[in-house]
Amino acid sequence: MTPEAWQRVKEVFDAARQRPPGERASFLDTACGGDVGLRAGVESLLAGDETDSLLDTTPATGVSGV
Amino acid sequence: VTDLLKGWGKGDAAALDRLLPAVYDELHRQAQRYLRRERPGHTLQTTELVHEAYLRLVDQRQADWRNRAQFFGVAAQMMRRVLIDHARSKQAAKRGGSGIQVTLEDATAASEERGLDLLDLDQALTRLAALDPQQARVVELRYFTGLGIDETAQVIGISPATVKREWVMARAWLRRELSSGT
């Protein structure tokens, strides 16, 4: 992906997140037009967004039994 | 270190070159020291480690909030490196059977449980930095040093709302990258 394409995905992703889940599909219809790649990119990001707990905990250093 | 931070703040690039190894060494040393001293089962968050390093390395009487922000910016990168280096050596020890006793159960232990491979994360983060340096910085600061939204915003010099947006998207993107197994 080029940084330009990335910026576009970022904009649409942000905008889509502001909308209730029920309205996102129609929003993406308008925002992506016929750009299938853009839409697929945004949708795959949205899919993992809501339930995402990845990276919620910082790495910890601990001690194993010595 | 306080002087190096100030020098770097004034645009002295050589100061940064000397600052990075100093911060790395301190974080590395402290990680080791904690592990020798503490009881088994004790967990030390990297956040704590970085804060301690700050208190030890930076002269509080001379430092201002800008130095602090600079320090955390550097420390996040170095903390990432300490953890990644350790994950690598642990992997090498497993393969080589060198007999070296590995006592540092850092991120690898915490994140393996969560199905997160630190080395994969590191590579994904490097790819993200190529697309979006600011977003990668947000992840580095928040994940590797545990800074909050507001602190992260202060270090980078952007608004908390932007940090939040970057963080949400970075997380979604990294999740996708790490689960697709590429």
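This report describes the two chains of a predicted model, first by their overall make-up and then by selected local features.

Residues are numbered from 1 along each chain as its sequence is written, while chains are lettered from A and ligands numbered from 1 in the order in which they are written. Because the model is predicted, local features need pLDDT of at least 70 and side-chain atom pairs count only at pLDDT 80 or more, whereas totals for chains, interfaces and linings use all residues, and side-chain values use heavy atoms, with hydrogens and water left out.

**The two chains**

Helices (H or I, at least four residues) and strands (E, at least two) are DSSP runs, numbered from the N terminus. In these terms chain A has three helices and one strand, arranged along its sequence as α-α-α-β, and chain B has nine helices and two strands, in the order α-α-β-α-α-β-α-α-α-α-α. A residue is called buried under 20% relative accessible area, exposed over 50% and partly exposed in between, with a 1.4 Å probe and protein chains only. Buried residues make up 42% of the 66 residues in chain A and 49% of the 182 residues of chain B.

Contact means heavy atoms within 4.5 Å. Of the contacts in chain A between residues at least 6 apart in sequence, 40% join residues at least 24 apart; in chain B, 61% of the contacts with a separation of 6 or more are between residues 24 or more positions apart.

**Helix α2 of chain A**

Helix α2 of chain A covers residues 21–32, and its twelve residues should span 16 Å at 1.5 Å a residue, where the expected span is 1.5 Å times one less than the number of residues. The end C-alpha atoms are 17 Å apart, which agrees. The buried residues of α2(A) are Arg24(A), Phe27(A), Leu28(A) and Cys32(A). They cover an arc of only 105° around the axis, so they lie on the same side of α2(A); the arc is that of the directions from the helix axis to the C-beta atoms. These buried residues pack against α1 (3–17) and α3 (36–49) of chain A, whereas Gly22(A) and Thr30(A), on the other side of α2(A), are exposed. After α2(A) comes Gly33(A), whose phi is positive, near 55°.

Helix α3 of chain A contains Glu43(A), which counts as partly exposed because its relative accessibility is 36%.

**Aromatic rings and charges in chain B**

Rings of Phe, Tyr and Trp (its six-membered ring) pair if their centres lie within 6.5 Å, and planes under 30 degrees apart count as stacked, over 60 as edge-to-face and the rest as tilted. By this rule there are five aromatic pairs over all chains, and the table gives two of them.

| Pair | Centre to centre | Between the planes | Type |
|---|---|---|---|
| Phe71(B) and Phe72(B) | 5.9 Å | 85° | edge-to-face |
| Tyr143(B) and Phe144(B) | 5.1 Å | 75° | edge-to-face |

Phe71(B) is buried, with a relative accessible area of 0%, and Phe72(B) is buried at 1%; Tyr143(B) and Phe144(B) are both buried as well. Tyr54(B), Phe71(B) and Phe72(B) form one aromatic cluster.

A charge sits over a ring if NZ of Lys or CZ of Arg is within 6 Å of the ring centre and within 35 degrees of the ring normal. The charged end of Arg68(B) sits over the ring of Tyr54(B), 5.7 Å from its centre, and Arg142(B) lies over the face of Trp167(B), at 4.7 Å from the ring centre.
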